[in-house]
Amino acid sequence: MEPAPAPIPIPQPHEISDREKEDAMGSYLMMFAAWGAGLPLPIINLIAAVIYFFINKKTSPFVAFHSFQSLLTQIPITLFNAGVIFWLIMIISPYAEDTVYFYSYLVFVVLWNLIYMVFSIIACLQARKGKLYYFWVFGRLAFARYFGTKAKKKREEVNRPPEGF
């Protein structure tokens, strides 16, 4: 019988500073602010998420996890929203006309945006409590990046003096 693998060290809510909790919460709140500012241009949300991720990715694994998860979930929503904008532009131009397919796609995108908003609010509140909240698929990817075996190797790296000292 193989021994059980060593538990993965995950920061507990009482070990996380208020600043880290606020930064993690900000990764989801920032998305709402960018969404309001960039509603006609969905790519602005993605750019804001990328900037927020690169600013906060080295603050702590907890903040980096939430920033990365927020960024990953932003990608498909941005693509869906860009599809609506592109299709609207085509409808306005003489190259296409509005069809039942467009309205079906519009309803699909609106539903995904609502689902995304609900889960982002839940993730935001959980981050404020110092808890990890896992989105479907993207939560596992973010966890593997910041708490998995790859992250463990980075934590084990230590600075050493030059040889001879």
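Colleague: Which residues line the second largest pocket?

Modeller: The lining consists of T73, P76, I77, F80, W112, I115, Y116, F119, F135, W136, V137 and F138. This is a predicted model, where local features need pLDDT of at least 70, side-chain atom pairs count only at pLDDT 80 or more, and totals for chains, interfaces and linings use all residues. Residues are numbered from 1 along each chain as its sequence is written, and side-chain values use heavy atoms, with hydrogens and water left out.

Colleague: What is a pocket here?

Modeller: On a 1 Å grid over the protein atoms alone, a pocket is an open set of points where a 1.4 Å probe fits, with protein on both sides within 12 Å along at least five of seven lines. Lining residues have an atom within 4 Å of a point.

Colleague: And what volume does the second largest pocket have?

Modeller: About 300 Å³. That volume is the space filled by probe spheres set on the grid points, which are joined across faces, edges and corners.

Colleague: Which helices each supply at least two residues of that lining?

Modeller: Helices α3 (61–92) and α4 (100–128) do. Helices are DSSP runs (H or I, at least four residues), numbered from the N terminus.

Colleague: How many of the lining residues are nonpolar, polar or charged?

Modeller: There are 11 nonpolar residues, 1 polar residue and no charged ones. Nonpolar covers Ala, Val, Leu, Ile, Met, Phe, Trp, Tyr, Cys and Pro; charged covers Asp, Glu, Lys and Arg; the others, Gly among them, are polar.

Colleague: Back to V137 in that list. Where is V137?

Modeller: V137 is in the loop between α4 and α5 (138–147). Its phi is near 65°, a positive value in a residue other than glycine. V137 counts as partly exposed because its relative accessible area is 38%; buried means under 20%, exposed over 50%, and partly exposed in between (1.4 Å probe, protein chains only).

Colleague: New topic: how many salt bridges are there?

Modeller: The count is 1 salt bridge, meaning a side-chain nitrogen of Lys or Arg within 4 Å of a carboxyl oxygen of Asp or Glu. D23 pairs with R19, and their closest N and O atoms are 3.3 Å apart.

Colleague: How are D23 and R19 placed in the helix?

Modeller: Both are in helix α1 (residues 18–37), and they are separated by about one helical turn because they are 4 residues apart.

Colleague: Are D23 and R19 buried or exposed?

Modeller: D23 is buried, with a relative accessible area of 13%, whereas R19 is exposed at 59%.

Colleague: What makes up the nonpolar surface patch?

Modeller: L41, I43, I44, I47, I51 and I55 make a nonpolar patch of about 550 Å². Patch residues have over 30% relative accessible area and no salt bridge; nonpolar side chains (Val, Leu, Ile, Met, Phe, Trp, Tyr) are joined within 5 Å, like charges within 9 Å. Areas come from the Shrake-Rupley method with a 1.4 Å probe, and for residues only the protein chains shown count as cover.

Colleague: Where does I51 sit?

Modeller: I51 is in helix α2 (residues 43–56) and is partly exposed at 46% relative accessibility. L46 is in helix α2 too, but L46 is buried at 19%.
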